[in-house]
Amino acid sequence: GQMCAENRLVELRLARQLPGVGDSVSDCLQAGHTLQVAQAVRPTPNPNFRRVDVSVLEAGQQVVRVTSIVGRN
């Protein structure tokens, strides 16, 4: 699950733009298991940064959660 969460954060950074505020869910296939990746993007007091929470779920149960700050590139 950690790989799915880290990969999602890397995708956001490589996009080189500030992610939009909101929630999304996508699938991540790792070692033959399909995991759900839930992403929540929230504003911060500084408009040049966003808080990103990425939760990875397996069978509806959270297995890992990673929080990061993503900035304007």
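Residues are numbered from 1 along each chain as its sequence is written. Because the model is predicted, local features need pLDDT of at least 70 and side-chain atom pairs count only at pLDDT 80 or more, while totals for chains, interfaces and linings use all residues; side-chain values use heavy atoms, with hydrogens and water left out.

Start with the sheet. It is open and has four strands, in the order E1-E2-E3-E4, with antiparallel pairing. Strands are DSSP runs of type E with at least two residues; helices are runs of H or I with at least four; both are numbered from the N terminus. Two strands pair if DSSP finds at least two bridges between them. The edges are strand E1 (22–30) and strand E4 (61–71), and each of these pairs on one side only. Neighbouring strands of the sheet are turned by 20° against each other on average, direction ignored. Such angles run from 0 to 180 degrees between N-to-C directions, with axes fitted as lines to C-alpha atoms, for helices over the stretch in contact.

Look at one pair of strands. E1 and strand E2 (residues 33–43) run antiparallel, and nine bridges join them. Cys28 stands opposite Leu35 in E2.

Helix H1 (residues 2–14) lies across E1, E2, strand E3 (49–58) and E4. Its direction is at about 20° to E4. Within helix H1, Arg8 and Glu11 are three residues apart, about one turn of the helix. Side chains of opposite charge can pair when their charged atoms come close. Arg8 and Glu11 form a salt bridge, with their closest N and O atoms 2.5 Å apart. The term salt bridge needs a side-chain nitrogen of Lys or Arg within 4 Å of a carboxyl oxygen of Asp or Glu. By this rule the count comes to four salt bridges. Glu11 counts as partly exposed, at 46% relative accessibility. The classes are these: buried means under 20% relative accessible area, exposed means over 50%, and partly exposed lies in between (1.4 Å probe, protein chains only).

Move to strand E3, where Asp53 lies. Is Asp53 buried or exposed? Asp53 is buried, because its relative accessible area is 7%. The side chains of Asp53 and Arg51 meet in a salt bridge (3.1 Å, N to O). Arg51 is partly exposed, at 37% relative accessibility. Asp53 also forms a salt bridge with Arg65, with the closest N and O atoms 3.5 Å apart. Asp53 is in strand E3 and Arg65 in strand E4, so this pair ties together parts that are 12 residues apart in sequence. Shared partners join Arg51, Asp53 and Arg65 into one network of salt bridges. Arg65 is partly exposed, at 46% relative accessible area.

Asp53 has a further partner. A polar contact of 2.6 Å joins the side chains of Asp53 and Thr67. A polar contact is a pair of N or O atoms within 3.5 Å; within protein, one must be able to donate a hydrogen and the other to accept it, and residues adjacent in sequence count only if both atoms are side-chain atoms.

Finish in strand E4, at Gly71. Gly71 is buried, with a relative accessible area of 18%. Gly71 and Arg50 are 21 residues apart in sequence, yet 6.4 Å apart in space, C-alpha to C-alpha. Which residues does Gly71 contact, leaving aside its neighbours within four places in sequence? They are Leu18, Asn48 and Phe49. Here contact means heavy atoms within 4.5 Å.
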